[in-house]
Amino acid sequence: MKTLVLSTTIALLLLSGTYLQAQTAKEIAYKVYNRKAPKNGESDMTMTLINKKGNKRVRNLHQFFIDLGSIEKQIMFFTAPADVKNTSFMNWTYDEADKEDDQWLYLPALMKVKRISSSSKDNDFMGSDFTYEDMEKRSPERDNQILIGSENLNGESHWVIEATPKEEGQYAKRKVWVSKSKSIPSKIEFYDEGNELLKVLTITETQLIKGYWVVVKQEMKNVQKNHKTVISLMNIKVESGITEEKFTQREMERGL
Amino acid sequence: MKKITELVLKNSKLTLFLILIGTAASIYSIVSNFALETNLDTYMPKDHPAFVYSDKAEEIFDIRDAIMIAIENKDGIYNTATFQKIKDLTKEIQQLDVVEDKDDVLSLYTADNIKGSEEGLEIKAFYKRVPKSKDQFDEIENGVVSNEMVYKRIVSEDGTSTLIFTKIKEDSFTEELYYEILAIAGKYEGDGDKIYVAGQPIVEGTMAILMPSDMKKMFPVVLLLIVVVLFIVLRSLKATIISMIVVIFSSIWTFGLMLGVGIPVYAPSSLIPVMLIAIGVADTIHLFSHLQLMIQKHPNWSKEQLITNMTTEMFMPVMMTSVTTSVGFLSLLTSDILPIKYFAAFTAFGVMMAMFFSLVLIPAAITVLGLPSAPKKKEGEEDDFFAKHAKGFANGIVKQRKLVIGATLLVIIFFGIGMSKVWINSSFLERFPDDDPLVTTDAFVNANFLGTTTINVILEADQVDKFKNPEALELIDKVALEVQNNNAIVGGGLSVVDFIKRMNKVLHEDREEYYSVPNDQDLIAQYFLLYEMSGGSDRLWDVVSDDFKTANLQFQLKGDNSIGLNGAIESIEKYRNQFKDIGIELNFAGSGYKVLVFNDLILVGQVKSLAYSFLIVIVLLSLMFRSFKLGLIGTIPIFITTIISFGVLGWLNIPLETTTALISSIAIGIGIDYAVHFIDRYKINALASQNIEETVGETMAHSGRAISFNAVVVILGFLILTFSAFKPNIAMGAIVSLNMLTSFIATVTLMFMILYTSKYFFKNKSKNK
């Protein structure tokens, strides 16, 4: 898994890129994939899980991330609810395609760091509607893209691309709306093996911070289970000088 | 009545024609609107608190009954071939249209194996690729045996069988699905593997299909037998055929109307023809029997005279019996259950139709077809059997008054005790024959696993996160263990506590002493977080809501017998106050519980309505005979019949279930008929002759004859049902036959004797002897 969430924002840009005209779908996808992204940063994060009855579960975290080239590392500290306060989660993602992520969870009540066995990429992240894979960058080489057309979404012009994986994966296809001006997807539809709509990701707020487009608020809705997850970021700092030393088990135990 | 009869006689062909048109219209209505309602959920009263609650809980926890497929290999399941089958079968079942989500199929292939790893928690499948080596199998076997959430639940204790649980979409069970699953399962048999298919959806679904189909097979035989016996007693083909037409037409019109107004056939409605045959035949027999006696008595009367005499003399009793019987059935309208209300209303309608056809169709048919033959008096024989023996029998009864009363008291006491032994069984499974594959499969699963029936105990707390609290979890753990230990029928439980205990243990190097609830709410919360982060499946949400405010403690029971279910519920109820003390409300949910409540509702409704019917019948009879005392006397046969009917159930250990309970209403229908005909005839004779001896003899010869004909015909017809495959249908045959017999005996012995002793209708109350 890549540096979570903040880079998710970027990760979500997975497939697209914008040229103003006459671009191939693949080019658009590369444009998104190769976007300029911050090398490190931190933010507060709120993850809200909303079930079909509208009941909400809210988790507050503070996260740090760093991109070291071949490895991306991320560490998150829970600040609420109270019973999981100071629990921390660390994730290392490797560039090598077949190398699984390393993940650890520190349980303050047990005063121990526990390793989480490398989860399958199609597992849900923290019980949310995002899977680990949803939060990662996806190389455009793994899909075949078709440019369906151009569409207006919230008054902004978007490319609409359909991406079908070359190897069977957790989705049969994705339909991505890429903002022509920002090179970020604004909406992604995920289709299941039966080619039925499974989930819809909507980017509801983006901010330009130090020259980077950052997704500040996004919502993933599982339309089949009628369950959704909203992730929003606050107090975002990018390129704030966080170093590799922050991402260790000792730091997990130390807390914020 | 005379005028109506005249009208009918003048326009007999037109009358028959109109009736035929009506019948044709009814048949058309039946054919074009036919709909059988087999979905049990539609039977339940939706607004009843228990159902409202259960439906809500079922939605929160995705509570659905599972189809269970067991794979058995006597040499043990831990081999490549069997594991391949588990995997393939799981995948094939997941592809079925009725399976919504792959997670709805739980097997050794899809189950979560929560275990500890060197540094942490691992939640993985037991296997993805089918293992080949013995070492791999040994490892899996160790994993299964040491996993409390899987061992005995998914894999049998001895390791020779394993289960695949499949939750199907609501209301999606069909006969075709059952055969499809059987066919799929069948493909995997062989090489030492045996496959069993069981589970509540199959039992319920099959019952809904089997019961009417068994009835469809048996009913023509019942009709045929009734025709034969009717012919033997009436000794007239014409009378027999006309009787059958009356009975069949009243059923056709009833179903025509019911389906025509858009009401489908619910299971209780399938009893309507049974009721109408037993009750309708009574009307026609009394009419034909009267007609035959008059033909014998007045050989020179014209056809018109005979018919008019029949309808005028028999109008009152036929009308009275039909009205009282109908009103008796209408008392079932007080039931909470819609299908029972339909049953009541349409049986009442059918009874009135039988009356209408008896009084209109019979005269019209006789006019057109000619008089039925009457048994000829043989040379040297003065009277027929009944005339000859009636007086002797009547005198015998009168002389043996003390014996009759004594016998009655003994009967009441004996069967009264029997009544107290009557028990209610809502079990579906126990309605099938003992050697039915469903029963043996169910027994296999119950013997090797935790059980095929589930009770859900829904625990609702006053605040969120309650079910992370050690105190609350400890109590659930205690209840789960104690209920399982104190009830042999309870195979095991599953709750949020099992997840906690399992995680606590595996995170402490699998040490047994950690198989417990940790005494730290934060730690518990962090375990759940760890579970979610480690890719634990949504199956956790089947036992606790995501805000940890509501929990679902499931118990698996070995069988759906009401005694077992009630026993388990009672022992769970004992903890209600302990839960209340810590702010937790306890309730029940799930289909097993709903069926239990549903059956209680039916039975309580049935008993209530029987009591109402008694009161109504007493009032109606008192009004009709203009005497409260006669009203009371008239209910004697019903009273005795009801006691004996339930008493026999008690003594023979036949449980009350919906069919048995409903069919006992027939006691009222039949009991009233006999009593009214008898009293009415007695009254006519008494007022005419003022001689009690003559009255007694005449009444026995007239009504006694018709009543015994009626009893013999229906008893012989319905006894055949005791050869049915379906236990409720057997019980129905036995109960109908028994009720006919006891009504008959009670009428001609006890009721007659009391009537005789009361000297009713005789102005001169001194003995005429």
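Helix α15 of chain B passes helix α18 of chain B in a right-handed crossing. Helices and strands are DSSP runs, numbered from the N terminus: helices are H or I with at least four residues, strands are E with at least two.

Before going on, two notes on the source. This is a predicted model, where local features need pLDDT of at least 70, side-chain atom pairs count only at pLDDT 80 or more, and totals for chains, interfaces and linings use all residues. Residues are numbered from 1 along each chain as its sequence is written, and chains are lettered from A and ligands numbered from 1 in the order in which they are written.

Back to the helix pair. Two packed helices are described by the angle between their axes and the distance between the axes. For α15(B), residues 470-486, and α18(B), residues 562-573, the axes come within 10 Å and cross at roughly 145 degrees. Axes are lines fitted to C-alpha atoms, for helices over the stretch in contact, and angles run from 0 to 180 degrees between N-to-C directions.

Which residues meet? From α15(B) come V479(B), V483(B) and N486(B). From α18(B) come A568(B), S571(B) and I572(B).

Strands of a sheet pair through backbone hydrogen bonds, either parallel or antiparallel. This open sheet has 4 strands, in the order β2-β5-β1-β6, with antiparallel pairing. Two strands count as paired if DSSP finds at least two bridges between them. Which strands stand at the edges? They are β2(B), residues 105-106, and β6(B), residues 193-198. Each has a single partner strand, so one side of each is left without a neighbour in the sheet.

Let me walk through the pairs. β2(B) and β5(B) share 2 bridges, and L106(B) stands opposite F165(B). β1(B) and β5(B) pair over 7 bridges. There, E72(B) faces S161(B). β1(B), residues 66-73, is also joined to β6(B) by 6 bridges. In that pair E72(B) stands opposite K194(B). Helix α6(B), residues 175-187, lies across β1 and β6 of chain B, running at about 165 degrees to β6(B).

Now β5(B), residues 161-167. Is this strand buried or exposed? Buried: 7 of its 7 residues are, so the strand is largely enclosed by the rest of the structure. On one side sit S161(B), L163(B), F165(B) and K167(B), and on the other T162(B), I164(B) and T166(B). Buried means 20 or more other C-beta atoms within 10 Å of the residue's own, exposed means 12 or fewer, and partly exposed lies in between, with C-beta atoms placed from the backbone.

Zooming out to the whole of chain B. The chain has 26 helices and 10 strands. Its C-alpha trace spans about 110 × 50 × 45 Å along the principal axes. Of its 769 residues, 51% are buried.

The domain assignment, which is automatic or from a database, gives domain 1 (1-34 + 235-376) and domain 2 (393-422 + 594-769). Their C-alpha centres lie 22 Å apart. In the contact, 30 residues of domain 1 meet 34 of domain 2. On the domain 1 side, α9, α10 and α11 of chain B each supply at least two residues. That side has 20 nonpolar, 9 polar and 1 charged residues.

Finally, chain A. It has 3 helices and 13 strands, and buried residues make up 44% of its 256 residues. How many residues of chain A are in contact with chain B? The count is 20, against 22 residues of chain B. β5(A) and β6(A) each supply at least two residues of the chain A side. The largest share, 3 residues, comes from β6(A). By class, this side has 8 nonpolar, 8 polar and 4 charged residues. The chains also pair by strand: 2 bridges join β6(A) to β4(B), residues 120-125, and the two run parallel. R115(A) stands opposite G120(B) there.

Technical notes. A crossing is left-handed if the near helix is turned anticlockwise from the far one by less than a right angle, and right-handed if clockwise. Two residues are in contact if their C-beta atoms, placed from the backbone, lie within 7 Å. Ala, Val, Leu, Ile, Met, Phe, Trp, Tyr, Cys and Pro count as nonpolar, Asp, Glu, Lys and Arg as charged, and the others, Gly among them, as polar.
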